[in-house]
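Here is a short briefing for a first look. Start with the model below, then read on by topic.

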Amino acid sequence: MGEGAREATIGGMNVEIGSAGVTDLPGVMAIENVAFADPWSSRAFRDAIENPLFYFVCARANERVVGYVVAWFVAGEGEISNIAVSPVAWGHGVGRTLLDAALNEGSRRSAGAVYLEVRESNERARALYDSSGFEEVGRRKGYYRRPIEDAIMLRRTLVSDL
């Protein structure tokens with residue numbers, strides 16, 4: 001198990017959550033290419049690993065990447081830039097665990113709010129975000145390219161204003 005990693009049983013799966021490394025990139029890219037019509041490049045993920053502003057963790061089951069989340073935190077705010085789970089791990093709570101890990105990291109880094117965009121038609125992700133306290137704060141018309149679709153902008157407040 002890697003540095004800072006923790007193990008959990010999630011939906012009956014033994015899963016390790018820990019910092020992403022270069023050796024995780026093939027597994028991350030396999031999920032990314034299935035999950036998104038306009039996937040990030042391997043270089044973008046490598047940059048996230050190397051940049052201390054980013055929080056990039058993977059969920060691993062049997063030493064294979066089954067999900068990941070990339071977020072960044074700066075100036076009292078955060079953004080979840082990318083989150084995906086392998087279809088083999090759907091319904092086991094891996095996505096919620098990764099989302100909670102990013103939100104906890106945002107709190108640890110004193111972010112007052114965390115933002116993200118989600119494809120309007122992505123009902124599975126929208127249900128997860130809704131159940132995690134995210135609220136719609138806007139829309140970006142035609143944001144996604146393949147196919148062209150609006151992005152719903154969401155926000156989750158982490159600390160109350162004093």
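A residue counts as buried under 20% relative accessible area, exposed over 50% and partly exposed in between (1.4 Å probe, protein chains only). This is a predicted model, where local features need pLDDT of at least 70, side-chain atom pairs count only at pLDDT 80 or more, and totals for chains, interfaces and linings use all residues. Residues are numbered from 1 along each chain as its sequence is written, and side-chain values use heavy atoms, with hydrogens and water left out.

**Fold**
- The chain holds 4 helices and 8 strands; these are DSSP runs numbered from the N terminus (helices H or I, at least four residues; strands E, at least two).
- From the N terminus, the order is β-β-α-α-β-β-β-α-β-α-β-β.
- Of the 162 residues, 43% count as buried.
- The C-alpha trace spans about 40 × 40 × 30 Å along its principal axes.

**Salt bridges**
- The count is 13 salt bridges, each a side-chain nitrogen of Lys or Arg within 4 Å of a carboxyl oxygen of Asp or Glu.
- Asp38 pairs with Arg146 at 3.7 Å, N to O.
- Asp38 lies in the loop between helices H1 (25-35) and H2 (42-50), and Arg146 in the loop between strands S7 (135-145) and S8 (148-157), so the pair ties together parts 108 residues apart in sequence.
- Glu120, Arg139, Lys141 and Asp150 form a linked network of salt bridges.

**Around Arg43**
- Arg43 bridges to Asp47, with the closest N and O atoms 2.6 Å apart.
- Both lie in helix H2, 4 residues apart, about one turn of the helix.
- Asp47 is partly exposed, at 37% relative accessible area.
- Arg43 is partly exposed too, at 45%.
- Glu50 also bridges to Arg43, at 3.4 Å between the closest N and O atoms.
- Glu50 is exposed, at 53%.
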